[in-house]
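The sequence and structure come first.

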Amino acid sequence: MQYEAAIQVSILCTVYNHEAYLRQCLDGFVMQQTRFRYEAIVHDDVSTDGSVAIIREYAEKYPDIIVPIYDAENQYSKHDGSLWRIMMEKAKGRYIAFCEGDDYWIDCGKLQRQFDLMEKHPEYTICFHRVGVVTVNDNPAKETCPRRYGTLWSKEEVTLYDYLKELCYNNNFTYQLSSYFIRRFYMEQYVSCQTSLFCDFPYGDVPMALSALFQGKGSCIQHVMSHYRELSGGYTSSMWMNLEKRLAIESKECLAYSRIDVYLNNKYHAIIKYRILRNELNEHSLYNKKKLVQFRPKYWCLLKFQSFRCNLSYFIKGLLQIIKSK
């Protein structure tokens, strides 16, 4: 097989205490069948388990693919973009793909398929695909990313409006990071904006997609080519399992979306305002369940877009609070 001399795709893989899942993740990289050279930048963020030993093993076995980084201090906790900057300094590809150490790819043609699509369509800034959701024991969950009942489920072409609508109105998984395939230029722009425009986002996948969709369209391949491991103890999972951290997320998201609203000159103000109000309501509900905040007129506009089941849940919770207060 003939390969291009230069590396075309760099995979960025973040690892933190992923020993139990890491081999499956790295196997997904080395099994890729491509007509171009690619590399996997595997960054261990000071794991305290056996992750480093596994990375060393794969780096020795696949030196043309696995490029290890063993950090001396945890970069993610800094929240200043240093984690991605360090990895991008090593990356040589024209395209950037992603997979965290507890997720994994299941299709050996994933990279080639996304590469071919992006080469054929220069108008696309980013490419996604469907992702299966599994439990920590690899048992299939009931959903995928995007979710079947979401507005992005069957879209092969995605605009910023489509993405914001799903993100803000439906509160859904949009596209999961293991499906991202982005042109290097837009990844570099995202990294440069992490301490300014995107500084309030408590996680990185959403602003990364936004950064690309600000300047073009995205595409979604309608095949499941990777698996996202739900509640495996990673960064996002640990945040949502802790009440105080979850409250902090809700608060920071409000700031983040307000900043995005200003950046977009209020073009999508109604959509973003809905997301901010929903976050505020969630924050109030989590912090003090005795206040009947869901019945305040400020939040009535949320009823229009929430499902009947969600609205019924809010109503029942409110009635229970009234009964308990008597």
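Leaving aside neighbours within four places in sequence, which residues is Phe98 in contact with?

## Basis

This is a predicted model, in which local features need pLDDT of at least 70 and side-chain atom pairs count only at pLDDT 80 or more, while totals for chains, interfaces and linings use all residues. Residues are numbered from 1 along each chain as its sequence is written, and side-chain values use heavy atoms, with hydrogens and water left out.

## Nonpolar cores

Beyond four places in sequence, Phe98 is in contact (heavy atoms within 4.5 Å) with Leu12, Trp84, Trp105, Leu177, Ser178, Tyr180, Ile182, Met187 and Met208.

A nonpolar core is a set of buried Ala, Val, Leu, Ile, Met, Phe, Trp, Tyr and Cys residues joined through side-chain atoms within 4.5 Å; buried means under 20% relative accessible area (1.4 Å probe, protein chains only). The largest has 50 residues, of which Leu12, Phe98, Tyr163, Tyr180 and Met187 touch the most other members. Elements giving two or more residues to this core include β4 (95-98), β6 (124-134) and α9 (243-263); helices (H or I, at least four residues) and strands (E, at least two) are DSSP runs numbered from the N terminus. A second, separate core of 32 residues includes Leu26, Tyr38, Tyr58 and Met225.

## Ile221

Ile221 is found in strand β10 (residues 217-229) and is buried, at 7% relative accessible area. Its C-alpha atom is separated by 6.3 Å from that of Glu156, 65 residues apart along the chain.

## Glu253

Glu253, in helix α9, is buried, with a relative accessible area of 2%. Not counting residues up to four places away in sequence, Glu253 touches Asp200, Pro202, Tyr203, Arg275 and Asn279.
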